[in-house]
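Subject: Structure handover and notes

Dear colleague,

Here is the structure that I promised to pass on, and below it are my notes on what was found. Please read them with the model open beside you.

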Amino acid sequence: MLVLGIETSCDETAVGIVEDRFHLRANVIASQVELHAPYGGVVPEVAARAHLDALLPTVDTALVQAGGGLTDIDAIAVTAGPGLVGALLVGVSAAKGLALAHDLPLLGVNHLRAHVEVAQLEHGELAPPLVALVVSGGHTSIVVMDDDGVFRELGGTIDDAAGEAFDKIARYLGLPFPGGPEIDRLAREGDREAFHFPRALLNDGTYRLSLSGLKTAVIRELRRLEAAGQEVVLADVAASFQEAIVDVQVVKTLRAAAEQGLDQVVLAGGVAANSRLRERFAAETEANGQRLLVPSIPLCTDNGAMVAASGANLLAVGRTSGLGLAVDPNLPLAG
Ligand code: KG4
Ligand code: ZN
């Protein structure tokens, strides 16, 4: 069974092909980063138009990579939400066209669940119950996948998403877009202890996170240093900021795992590509005797393979979507 997955929810036009739910056959990404970089963020109209140009050539490249053609494909999966409405519409319309023309089942995929389920391509079938931290440009949530595979949200950010905080601070530091990988790189040369930035809600007894105060604290500290005429070591700021953001995610996620009695932890989403987040989770889950499942970096950031994997799971239980599939820019992770 070959499932082709289409991802156009944000700024990557991506197509993946997965065989029999667990085997990656193709993963092709046409990135729009350079188009959006001059604006310092993703421009929705620019994204939708670029998806339109790139999508069908990306499908073709993925088919070549998998060594076949559309006639070999058994189902078409596509991200139906959450994401930018215009961008989602390009992918869903194209997926409907392909499904109709080739008489194939259509599978509407939840982008956030797909970030979690992609772990099955490298770690084999997920064996819930497990806890997952889903951290991306638009989302920061701690969720449980129960025995029956159903997702339940324990908590999440009450203001900025983790990726958003990385991108905003990077912009303030004059780093290019997207800022997460830039901060990650710069932080390697910095001192994590140089500044002590706040860890909001760390011990509030909930699974909520708040990151906007951290962002304000970093900006205020930079202004104070500048006003005092002191030299600012950007690598130290990056390392200390990153440590604060990583700290709250590690502490809250592993506390959730302990309190819910779960010994498997999945890291998911673009921010899961962060080297310090991966390092801290690896060390602490090992010390606790927990199993950590973290996708390789190309499968953390947006990709088509995750959509194909999640779609293959839907196909396996007969949950196909009709051609009436609608996009939902606010599709929740749980429910
Ligand atoms: O999942 P994703 O590719 O797209 C969304 O669904 O949002 O996540 C993109 C986010 C961006 O905010 C980007 O800066 C962040 O992931 N990101 C990182 C790293 N790589 C990507 N953040 C921190 N460290 C990284 N290495
Ligand atoms: Zn994503």
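Asn313 has its place in helix α12, where helices (H or I, at least four residues) and strands (E, at least two) are DSSP runs numbered from the N terminus. With a relative accessibility of 12%, Asn313 counts as buried, on a scale where buried means under 20% relative accessible area, exposed over 50% and partly exposed in between (1.4 Å probe, protein chains only). If its neighbours within four places in sequence are left aside, Asn313 is in contact with Arg21, Glu117 and Gln120, contact meaning heavy atoms within 4.5 Å.

Before the rest, the conventions: this is a predicted model, in which local features need pLDDT of at least 70 and side-chain atom pairs count only at pLDDT 80 or more, while totals for chains, interfaces and linings use all residues. Residues are numbered from 1 along each chain as its sequence is written, chains are lettered from A and ligands numbered from 1 in the order in which they are written, and side-chain values use heavy atoms, with hydrogens and water left out.

Five strands make up an open sheet with mixed pairing, in the order β3-β2-β1-β4-β5; two strands are taken to pair if DSSP finds at least two bridges between them. Its edge strands, each of which pairs on one side only, are β3 (23-31) and β5 (106-110). On average, and with direction ignored, neighbouring strands of this sheet are turned by 20° against each other, the axes being lines fitted to C-alpha atoms (for helices over the stretch in contact) and the angles running from 0 to 180 degrees between N-to-C directions.

Leu24 lies in strand β3 and is partly exposed, with a relative accessible area of 41%. Apart from neighbours within four places in sequence, its contacts are Ile17, Val18, Leu121 and Ala305. The C-alpha atoms of Leu24 and Ala308 are separated by 9.0 Å, although the two residues are 284 residues apart along the chain.

Asn110 lies in strand β5 and counts as buried, at 9% relative accessibility. The side chain of Asn110 reaches the backbone oxygen of Pro332 at 2.8 Å, a polar contact being a pair of N or O atoms within 3.5 Å, of which, within protein, one must be able to donate a hydrogen and the other to accept it, while residues adjacent in sequence count only if both atoms are side-chain atoms. With the neighbours within four places in sequence again left aside, Asn110 is in contact with Gly81, Pro82, Leu331, Pro332 and Leu333.

A further sheet

Another open sheet of five strands, also with mixed pairing, has the order β8-β7-β6-β9-β10, and its edge strands, β8 (151-156) and β10 (291-293), each pair on one side only. Strand β6 (residues 130-135) and strand β7 (residues 140-145) run antiparallel and are joined by six bridges, with Leu133 opposite Ile142 in β7. Helix α9 (residues 234-260) packs on this sheet, touching β6, β7, β8 and β9 (264-268), and its direction makes about 160° with that of β6.

The ligand

Oxygen atoms of ligand 1 come within 3.1 Å of an N or O atom in the side chain of His115, 3.0 Å of a polar backbone atom of Gly270 and 2.9 Å of an N or O atom in the side chain of Asp302.
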